[in-house]
Amino acid sequence: MRIRPGLAVTAALGAVLLVPVLVVVALGLYGESIGFLTVGSATVEPALSIQPDRALSGSQVLIEGQRWPPRTEISLVLGKEQSGDTGNVIEVPLARITSSRSGTFAIQLTLPPALLSAAADRVQIRAEARRESGEPPLNASVDFSVEPYANVVSVNVTDAETGDRLNSANVLLRDGFGTVLASGRTDRMGIAEFAGITPGNVAAEVRKLDYRTATIELSVAATGPSRAAVLLRADPGKRLLLPFSDILDASRLRIMALDRASGLRADEILNRETAGPTATRRPFPSETHFFYLLPTVKAGAPRTVVSDPRTFESMRAWGLRFAGNLRAIVARVNLLGLSADGDVVLVTEATGAGFGHGSSTWLLLDPETGQETRRGEVLQGSFVAGFSSDRGTLYVIDNSSNQLTAVRVATGDETAVITGLPSNVLRLAPDPSGSAVYLLQAGTGTVFRVDLTLHEISGPMVSVAGATWLSTNRTGTRLYLVGPGLGAMTALYGLDGNPIVRTVPLPGSANWIWADFDGPYLYAGGGEGMDVAVLDAETLEIIDRHSTKSLSSQGDPPPN
């Protein structure tokens with residue numbers, strides 16, 4: 001007589017009479033429960049439960065399901081609303097488990113502590129089973145609350161030089177995975193306190209306007225106080241002035257500015273009566289570009305981080321006045337900043353009378369008087385493509401003859417002429433070493449490298465369709481490309497050999513990107529209504545976003 005498999009199993013169990021039979025429950029990421037009950041009604045909704053439903057972060061929980069289709073794979077997912085973005089939920093897969101013949105399952109898990117960071121945080125556990133019949137998947141969910149830890153983290157922020165307590169400093173706590181645990185500002189005593197922080201190694205990142213960002217690591221216990229003292233070093237007056245402005249009244253403009261030391265926003269008010277056209281004349285020049293300002297030092301003099309407000313204001317004022325009084329029809333005025341010798345450098349692109357025989361002109365202005373000290377005409381079909389990293393040389397591209405010319409700002413002399421460039425060069429980025437430049441080809445987004453010493457052109461290195469802007473980092477080891485509509489930045493590593501390509505998502509498409517050679521950040525932005533993103537130059541993590549919604553777009557981005 002043939003014995004059925006089910007009876008064979010029963011007989012085997014009976015042979016070990018008086019020995020308890022253990023029902024194995026899955027413990028881990030995968031597994032299934034074992035049962036022999038009949039299948040319940042298919043019309044009953046599946047259920048999900050969790051025990052306990054409230055506990056400390058890192059505690060184990062038991063998740064059980066009832067009334068699910070038998071022998072069906074079920075996915076468990078943890079969902080958590082992102083901090084600061086109401087409505088946006090991040091979901092993390094927890095486990096997959098197969099229901100028993102009775103439609104039940106059980107699994108014991110430790111919920112990821114990195115996702116359960118805030119005191120009394122609430123997350124949702126969802127179970128989902130897909131059906132082969134094409135019907136919608138079955139779902140059930142249950143909430144879990146995180147009890148706050150009985151601890152307090154105290155961060156004390158002071159000025160490294162004076163010892164003064166610093167209020168209104170931004171403090172950010174991150175765990176070892178980079179997840180933000182908490183954020184806040186210091187009070188009048190320079191202290192920021194946070195309760196209920198997940199225990200473990202925590203990094204406190206502190207930022208304040210006109211101070212360099214500082215990070216300190218500390219170990220946080222489950223109970224009791226944890227203290228950290230952070231010293232910030234002053235680095236004042238380093239502003240990246242962007243081509244976005246808002247008219248406040250008849251005499252004042254607000255210019256969007258970012259503090260290059262901290263990456264925080266620091267808008268500045270411009271008096272139109274003294275630093276630009278008055279309200280009764282033409283409006284603020286719509287194509288004037290503001291760029292970052294280096295301290296006023298002569299060639300060979302030691303560098304200093306102390307800015308000269310008088311030179312700063314006069315440079316900006318003369319730049320605006322010059323743009324407002326041009327006789328020609330100005331298409332664009334680029335205020336490049338200060339040259340290595342401390343002169344104001346302007347590049348104008350225009351049509352009409354008053355510009356000699358060229359469509360583009362570069363000028364040097366005395367920063368105190370605004371008097372023109374030197375000018376150079378750029379031939380029709382050519383344009384000033386960039387400024388060298390030492391701010392002593394202008395690079396001119398002539399696409400009609402596929403030629404690059406290097407011009408010394410101090411003398412106007414041509415120091416190098418390189419022929420055989422690729423066609424339709426759109427943008428140029430100098431290598432910080434001064435020995436090479438990178439060219440971006442219009443349309444294709446193809447990048448080439450030009451050795452200024454050997455006059456050799458190599459490439460293509462990479463092609464990023466739609467890229468319209470490129471920039472190098474301070475060490476010349478990376479290259480960044482962005483463009484309208486791309487929605488991401490392309491980073492090239494290993495420029496000496498075969499570059500490695502990495503794509504970094506941005507909050508939106510960026511028309512330009514700029515790497516601060518004297519600071520720790522990258523800046524990427526776009527046109528009207530576009531955010532300006534601040535990225536950490538090492539990790540490429542977006543650490544801040546500054547909206548331009550309150551400002552009107554005033555032209556193209558600052559020149560590279």
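Trainee: Which residues have the most contacts inside the largest nonpolar core?

Mentor: Those are Leu242, Tyr480, Met489, Leu522, Tyr523, Leu535 and Leu540, in a core of 29 residues. A nonpolar core here is a set of buried Ala, Val, Leu, Ile, Met, Phe, Trp, Tyr and Cys residues joined through side-chain atoms within 4.5 Å. Buried means under 20% relative accessible area, exposed over 50%, and partly exposed in between (1.4 Å probe, protein chains only). Keep in mind that this is a predicted model: local features need pLDDT of at least 70, side-chain atom pairs count only at pLDDT 80 or more, and totals for chains, interfaces and linings use all residues. Residues are numbered from 1 along each chain as its sequence is written, and side-chain values use heavy atoms, with hydrogens and water left out.

Trainee: Which strands each supply at least two residues of that core?

Mentor: Among them are β18 (239-247), β35 (478-482) and β39 (521-525). Strands are DSSP runs (E, at least two residues), numbered from the N terminus.

Trainee: OK, and what lies apart from it?

Mentor: Another core, this one of 25 residues, including Val61 and Val146.

Trainee: Switching to sheets: in what order do the four strands of the open sheet run?

Mentor: The order is β38-β39-β40-β41, with antiparallel pairing. Two strands pair if DSSP finds at least two bridges between them. β38 and β41 (542-546) are the edge strands, each pairing on one side only.

Trainee: How many bridges join β39 and β40?

Mentor: Four, in the antiparallel sense. Tyrosine 521 has aspartate 536 in β40 as its bridge partner.

Trainee: Now charges. How many salt bridges are there?

Mentor: The count is 15, taking a salt bridge as a side-chain nitrogen of Lys or Arg within 4 Å of a carboxyl oxygen of Asp or Glu.

Trainee: Which residues are linked in a network of them?

Mentor: Glu91, Arg126, Glu128 and Arg130. In the bridge between arginine 126 and glutamate 91, the closest N and O atoms are 2.8 Å apart. That pair links distant parts of the chain, with arginine 126 in strand β9 and glutamate 91 in strand β7 (residues 89-98), 35 residues apart.

Trainee: Is glutamate 128 buried or exposed?

Mentor: Buried, with a relative accessible area of 18%. Glutamate 91, in contrast, is partly exposed at 47%.

Trainee: And what does arginine 212 form a salt bridge with?

Mentor: Aspartate 235, with the closest N and O atoms 3.5 Å apart. Arginine 212 sits in the loop between β15 (200-207) and β16 (214-220), and aspartate 235 in the loop between β17 (224-232) and β18, so the pair ties together parts 23 residues apart in sequence. Aspartate 235 counts as buried at 4% relative accessibility, while arginine 212 is partly exposed at 42%.
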